[in-house]
Amino acid sequence: MTVQPKYHWQFDEAQGTTIIDHISGVKAKLSNATRLGRGRIGPAIRINGKSKNSRILFDNQVSRFGTSDFTIAFGMKISDTYGQKLLHVIGNRSTSGHGNFVSIRLKDQKHLRFEVDENSRGKNYASLSSTRALNDKKWHHIAAVRQGRSLKLYIDGELSDESVSKTGVANITTDSVFTIGARGLKTAIAQYEDLQIY
């Protein structure tokens, strides 16, 4: 049996600032982002990290995972990190400390950091950092998976890293908006394609 995503944005709208997922019809909005023609498997969106608030904003329902298992999968090609050490990639994290969120960030200009957290006290917090560098200006497929207490990060179809929460499963119920690109932190100059959430 093939598992189907709950949301799937292919970024294939020809114009305008609205993009619509092909499964549930949930809309997202481009902000200081550019349609860039083709990526590796379909249309791509370019996020310009040097442009203020360059991002794609999704409805907050997209990241209300509760305690369910989930996968966030997308294509990404990093062009430049302009010397920044920590950059937002995707998620709904709106704080520098603990909170209620799912977050994927780029640290040290090349490694992904995947985190989930339940509240300001760090209840059921879990994280992992990738060992594989992604600053080679090539397309990569990323899949961030939460399966019970386990976090897994797949890069180009191979398991890159895995960790397990020591306490429990973070209950993610936030109303904070889910974004690709700038959110509090700056973001990389990068292209994105084919976002799927399971």
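This is a predicted model: local features need pLDDT of at least 70, side-chain atom pairs count only at pLDDT 80 or more; totals for chains, interfaces and linings use all residues.
Residues are numbered from 1 along each chain as its sequence is written, and side-chain values use heavy atoms, with hydrogens and water left out.

**Entry: aromatic pairs**

I looked up ring pairs next. Rings of Phe, Tyr and Trp (its six-membered ring) pair if their centres lie within 6.5 Å; planes under 30 degrees apart count as stacked, over 60 as edge-to-face and the rest as tilted. I got five aromatic pairs by this rule. Tyr7 and Trp9 have ring centres 5.6 Å apart and planes at 20°, so I logged the pair as stacked. Phe74 and Tyr192 make a tilted pair, at 6.2 Å centre to centre and 45° between the planes. That pair links distant parts of the chain, 118 residues apart: Phe74 is in strand 7 (residues 70-80) and Tyr192 in strand 16 (residues 189-197). Strands (E, at least two residues) are DSSP runs, as are helices (H or I, at least four), numbered from the N terminus. Phe74 counts as buried because its relative accessibility is 1%. Tyr192 counts as buried at 1% too. I also found a cluster, in which ring pairs link Tyr7, Trp9, Phe58 and Phe178.

**Entry: nonpolar core**

Which residues have the most contacts inside the largest nonpolar core? I read off Trp9, Ile56, Phe74 and Leu195, in a core of 47 residues. A nonpolar core here is a set of buried Ala, Val, Leu, Ile, Met, Phe, Trp, Tyr and Cys residues joined through side-chain atoms within 4.5 Å. In soluble globular proteins, nonpolar side chains tend to be buried together.

I then took Leu195 by itself. Leaving aside neighbours within four places in sequence, its contacts (heavy atoms within 4.5 Å) include Tyr7, Trp9, Phe11, Phe58, Phe74 and Ile180.

**Entry: positive phi**

Most residues other than glycine have a negative phi. I noted two residues that go the other way. Phe11 has a positive phi of about 55° and is not a glycine. Phe11 lies in the loop between strand 1 and strand 2. I put Phe11 down as buried because its relative accessibility is 3%. Asp194 has a positive phi near 50° and is also a residue other than glycine. Asp194 is in strand 16. At a relative accessible area of 16%, Asp194 is buried.

**Entry: Gln10**

Gln10 is in the loop between strand 1 (7-9) and strand 2 (18-20). Is Gln10 buried or partly exposed? I have it as partly exposed, because its relative accessibility is 28%. Gln10 touches His22, Pro43 and Asp194, not counting residues up to four places away in sequence. From Gln10 to Gly42 I get 7.1 Å, C-alpha to C-alpha, across 32 residues of sequence.

**Entry: His88**

I found His88 in strand 8 (residues 86-91). His88 is buried, with a relative accessible area of 1%. Its contacts, leaving aside neighbours within four places, include Ile104, Arg105, Thr179, Arg183 and Lys186.

**Entry: the cavity**

How many cavities of 30 Å³ or more does the structure hold? I found one. A cavity is a set of points on a 1 Å grid over the protein atoms alone where a 1.4 Å probe fits but cannot get out; lining residues have an atom within 4 Å of a point. The largest cavity holds about 30 Å³ of space, with volume taken as the space filled by probe spheres set on the points, which are joined across faces, edges and corners. Its lining includes Val116, Asn124, Arg146, Arg149, Leu151 and Ser165. By class I have five nonpolar, four polar and two charged lining residues. Ala, Val, Leu, Ile, Met, Phe, Trp, Tyr, Cys and Pro count as nonpolar, Asp, Glu, Lys and Arg as charged, and the others, Gly among them, as polar.

I followed up Val116, which is in strand 10 (residues 111-117). Val116 is buried, with a relative accessible area of 2%. Not counting residues up to four places away, Val116 touches Phe70, Phe101, Asn124 and Leu151, among others.

Notes: On a 1 Å grid over the protein atoms alone, a cavity is a set of points where a 1.4 Å probe fits but cannot get out, and a pocket is an open set with protein on both sides within 12 Å along at least five of seven lines; lining residues have an atom within 4 Å of a point. Buried means under 20% relative accessible area, exposed over 50%, partly exposed in between (1.4 Å probe, protein chains only).
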